[in-house]
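Welcome! Here is a short tour for anyone meeting this protein chain for the first time. Please take a look at the sequence and the model before reading on.

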Amino acid sequence: MAESPPITSPFVEAAPAARHAAFAELAAAGPVRRVMLFTGVPVWLITGYAEAREALAHPDIIKGKGGDGPHRDVVPAELAAAMDHHLLGADPPDHTRLRRLVSAAFTRRRIEGLEPGIRLIVDGLLDDVSAAGERGAPVDLLAAFGYPLPLTVLGDLLGVPVDRRRDFQEWTSVAINGSVHPAETFVAAATALIDYVRELLAQKRADPSDDLISGLVAVREDGDRLSEDELTSMVFLLLVAGYETTAHLIGGGMQALLAHPDQLDLVRADPDRLPAVIEELLRFNGPAQVATPYRTAAPVRIGDVTIPAGEVVLPALLSADRDPRQFPDPERLDVTRQPASHLAFGHGIHHCLGAPLARLEARIALGALIDRFPKMRLAVPPEELTLQASMLINGLTTLPVVVT
Ligand code: HEM
């Protein structure tokens with residue numbers, strides 16, 4: 001098969017419209033296509049909605065690998081073991097076992113119980129936004145609100161005491177953005193974070209409370225429980241998976257609304273509509289541009305293409321969610337759209353475990369922003385905003401707004 005030139009365009013720093021255009025161009029060349037990534041790795045990029053959904057649920061499209069995060073060539077084996085034994089890298093039957101055990105602790109009740117705390121965190125952060133934005137000075141809504149909110153919520157969920165929050169937040173932001181830091185900085189932060197998670201595990205074992213770590217430690221089913229490496233890896237995964245994604249749902253969601261004032265007016269007129277609006281924001285501009293890589297365990301037919309065994313498969317969620325065969329007029333943000341099942345949280349056995357938490361945070365955060373700052377507007381024209389260079393995240397570098 002003829003090899004196309006390596007693709008870089010969806011992964012570089014770019015304006016939001018340019019990234020969507022890059023995915024649209026890839027989708028126009030076919031819903032399932034082998035492309036060469038700029039990293040030199042050939043992948044089967046799945047840009048069609050039906051095809052991506054089928055691939056994500058296919059039993060022969062698996063993870064089939066250990067951890068392959070940043071700097072894995074220099075990460076000590078013991079540290080790698082404490083980061084990599086989690087469900088996103090696992091296949092059945094390991095995945096089934098891990099997901100069952102973790103779901104027993106990550107319950108809807110525990111998530112719903114976070115709501116009053118999230119409201120308090122949101123109100124406190126927005127007081128600061130309001131003070132910083134007095135007299136019309138621009139505020140970076142991502143730095144002041146989008147990032148601190150999910151990180152504080154994750155600290156609450158896991159039961160990190162307030163006096164350790166600052167260290168915890170610092171290690172987490174370096175560890176989850178490993179690829180933008182030199183290897184030694186990443187290894188130092190990841191080691192400190194994992195050591196601290198082990199300390200927390202020991203504390204919660206000795207003195208359990210009602211946080212998630214205590215819940216994970218206590219989970220036991222049919223004599224089965226999570227091992228020490230599985231526990232540390234799970235906490236690590238929750239931080240990696242739940243921090244930036246949620247920050248960019250809030251940042252990217254608010255940016256999309258501010259760039260479409262007619263749509264923002266509709267939401268303001270009927271705040272009860274917010275849950276459905278958030279689904280449209282996830283479809284229109286989801287925070288995960290692709291899923292994490294999968295691999296074919298056998299030849300697999302997706303659409304009218306057969307992918308040979310042993311190939312890397314990359315579902316492009318951002319383009320699948322703008323597939324005109326699934327979503328009429330997909331380039332239009334339409335907050336009145338009947339919520340349809342988008343792929344922003346993935347699909348199949350790895351469907352996002354944290355989706356209810358992300359939705360709850362987004363509903364409270366966007367509701368409060370819209371309510372408290374009726375005059376909020378972008379401080380720069382939408383086309384001057386830029387997205388970070390990333391293989392995975394669809395997130396702005398900054399979101400300057402004027403709040404008064
Ligand atoms: C899995 C997106 C928030 C925890 C996933 C996957 C996607 C995703 C696309 C599947 C990846 C794949 O198939 O390779 C998002 C988005 C979020 C978000 C867009 C925010 C808007 C969260 C939060 C948490 C979380 C808040 C937890 C605190 C997880 C976990 C998995 C996962 C544990 C792995 C599930 C498994 O392998 O069974 N997420 N996520 N996510 N997410 Fe999220």
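The notes below go from the whole chain to a sheet, a core and a single residue. Please keep in mind that this is a predicted model. The protein chain holds 17 helices and 10 strands. Its radius of gyration is 21 Å, close to the 22 Å that the globule rule gives for 404 residues, so the chain is as compact as a globular protein of that length.

**The chain as a whole**

- Along the principal axes, the C-alpha atoms of the protein chain fill a box of roughly 60 × 55 × 40 Å.
- Of the 404 residues in the protein chain, 44% are buried.
- If you take the contacts between residues at least 6 apart in sequence, 74% of them join residues at least 24 apart.

**An open sheet and the helix across it**

- Five strands make up an open sheet with mixed pairing, in the order β1-β2-β8-β5-β3.
- At the edges sit β1 (32–36) and β3 (61–62), each of which pairs on one side only.
- In general, the strands of a sheet pair through backbone hydrogen bonds, either parallel or antiparallel.
- Strands β5 (residues 294–296) and β8 (residues 312–315) are an antiparallel pair, joined over 2 bridges.
- Helix α2 (residues 49–56) lies across β1, β2 (42–46), β3 and β8, and runs at about 125° to β8.

**The largest nonpolar core**

- Nonpolar side chains tend to be buried together in soluble globular proteins.
- Here, the largest nonpolar core has 116 residues.
- The residues with the most contacts inside this core are I46, A52, V313, A316 and L317.

**A closer look at A358**

- You will find A358 in helix α17 (residues 355–372).
- Why does A358 count as buried? A358 has 24 C-beta neighbours inside 10 Å, and a residue is buried if 20 or more other C-beta atoms lie within that distance of its own.
- Not counting residues up to four places away in sequence, A358 touches T245, T246 and L249.
- From A358 to L249 is 109 residues in sequence, while their C-alpha atoms are 8.2 Å apart in space.

Key. Residues are numbered from 1 along each chain as its sequence is written. This is a predicted model: local features need pLDDT of at least 70, side-chain atom pairs count only at pLDDT 80 or more; totals for chains, interfaces and linings use all residues. Two strands pair if DSSP finds at least two bridges between them. Helices (H or I, at least four residues) and strands (E, at least two) are DSSP runs, numbered from the N terminus. Two residues are in contact if their C-beta atoms, placed from the backbone, lie within 7 Å. Axes are lines fitted to C-alpha atoms, for helices over the stretch in contact, and angles run from 0 to 180 degrees between N-to-C directions. A nonpolar core is a set of buried Ala, Val, Leu, Ile, Met, Phe, Trp, Tyr and Cys residues joined through C-beta atoms within 7 Å. A residue is buried if 20 or more other C-beta atoms lie within 10 Å of its own, exposed if 12 or fewer, and partly exposed in between; C-beta atoms are placed from the backbone. The radius of gyration is taken over C-alpha atoms; the globule rule is 2.2 Å times the number of residues to the power 0.38.
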